[in-house]
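Student: I'd like to learn how to read a ligand site and a pocket in a structure. Could you take me through one?

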Amino acid sequence: MPVHYNTHTKEPYLRLPTPLSNIIITPHRLSQLEETVAAQVRLLNEPTIYLNLEGPPYPYLPEHGEEWVKRKCDDGEPVVSAVRAEFENPDTEKPFFDSCPFTVIREVTEQGPETGDPLKDVLIGDIGMDRYSFYEEGYGTEKRAEAQRLNNELSAGDRRIVWSIGDFLSPSHHGRGIMTLAMRTVLQDWGVPRMNIHLLKSCAFVENKGSLRVFEKNNFEVVCTLKDWAPVSESRGGGTKSLVIVNWKGL
Ligand SMILES: CC(C)(COP(=O)(O)OP(=O)(O)OC[C@H]1O[C@@H](n2cnc3c(N)ncnc32)[C@H](O)[C@@H]1OP(=O)(O)O)[C@@H](O)C(=O)NCCC(=O)NCCS
């Protein structure tokens, strides 16, 4: 059963395989807004994390976290409700979805002795899939905007959609194989069977050996290196960064 169901909280979730089955990936929880924002603010201001990320603002403020978590809850709710309905009524139709609501990586600290349901957990990271950004078309070009527009127009389940994946993990948990298995779990248990993902590209800054290794261990190959591709804001140190583009070869 690729997606698990917490019978206590009625929350669907993904679980990493042994020996990391104490790690789960859940949707965002509005009921835990405050602690989630606090964890995100802590992690996304860590130099070992923010210096390797292209996306989130830096410094990362509580209002950024609050806006993000609320948006993720809103966007994810229809999918989470549909999956919950599948568990409550197994005859429910199983369509392809346009997103993965399982983005919050948590370490389970207490679970039900009989059901095995997670009862308590702590947020340790994030993994998200989005439509690809077509970096190789050039920074700020019309061609890139057009490629993004065409890709964004494709409907849920269309196998021509080019997807992308990004992640970060608390430094306290680096180097234990967690992100390698988290990426595999998200693709294997949700991306392929429930989003029909066939095309997946991503990127990492050229110096981010850990991230590139996680991609490699998940069957990605290097396509090219885009030298000095991205201007870096002054708050992040300024200058430009080179990007390595990777392409997924399948499960
Ligand atoms: C990248 C990141 C998600 C990896 O998570 P993780 O759970 O520590 O990764 P894993 O333990 O599954 O695998 C890491 C691999 O990279 C290797 N690695 C880590 N740092 C390395 C370095 N500086 N040089 C070479 N290899 C390195 C590890 O040895 C391991 O490979 P191995 O299993 O062959 O030994 C984590 O380091 C992180 O959050 N970094 C900051 C944010 C980030 O870079 N996000 C990705 C943006 S593209």
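Predicted model: local features only at pLDDT ≥ 70, side-chain atom pairs only at ≥ 80, totals over all residues.

Student: Fine. How many residues surround the ligand, and which are the closest?

Tutor: Begin with the shell, meaning residues with a heavy atom within 4 Å of the molecule. Here 23 residues surround the ligand, and D167, G175, T180, N208 and K217 are the closest.

Student: Which polar atoms lie by the oxygen atoms of the ligand?

Tutor: For polar contacts, look for N or O pairs within 3.5 Å. In this model, a polar side-chain atom of T180 sits 2.6 Å from a ligand oxygen. M179 brings a polar backbone atom, 2.9 Å from an oxygen of the ligand. H174 uses its side chain, where an N or O atom is 3.3 Å from a ligand oxygen.

Student: Which elements give two or more residues to the shell?

Tutor: Those are α2 (47-50), β6 (162-169), α5 (178-195), β7 (199-205) and α6 (209-217). The largest share, 6 residues, comes from α6.

Student: What classes of residue make up that shell?

Tutor: Sort the residues by side-chain class and count. The shell has 9 nonpolar, 9 polar and 5 charged residues.

Student: Now the second largest pocket: how much space lies in it, and what lines it?

Tutor: Reading a pocket goes much like reading a shell: volume, then lining, then classes. The second largest pocket holds about 220 Å³ of space. Its lining counts 16 residues, with E54, P231, V232, S233 and R236 nearest the centre. β8 (220-231) and β9 (240-248) each give at least two residues to that lining, and the largest share, 3 residues, is from β8. By class, the lining is made of 9 nonpolar, 4 polar and 3 charged residues.

Student: Where does G237 lie, and is G237 buried or exposed?

Tutor: G237 is in the loop between β8 and β9. The cut-off for exposed is over 50% relative accessible area, so G237, at 60%, counts as exposed.

Student: How far apart are G237 and L51 in sequence and in space?

Tutor: Compare both separations. G237 and L51 are 186 residues apart along the sequence, while their C-alpha atoms are 8.7 Å apart in space.

How values were computed:
Residues numbered from 1 in each chain as written. Heavy atoms only, no water. Polar contact = N/O pair within 3.5 Å; in protein donor to acceptor, adjacent residues only side chain to side chain. Helix = DSSP H or I, 4+ residues; strand = E, 2+ residues; numbered from the N terminus. Nonpolar A, V, L, I, M, F, W, Y, C, P; charged D, E, K, R; others polar. 1 Å grid on protein atoms, 1.4 Å probe; cavity = no way out; pocket = protein on both sides within 12 Å on 5 of 7 lines; lining within 4 Å. Points joined across faces, edges and corners; volume = space filled by probe spheres on them. Buried < 20%, exposed > 50% of the residue type's maximum accessible area, 1.4 Å probe, protein only.
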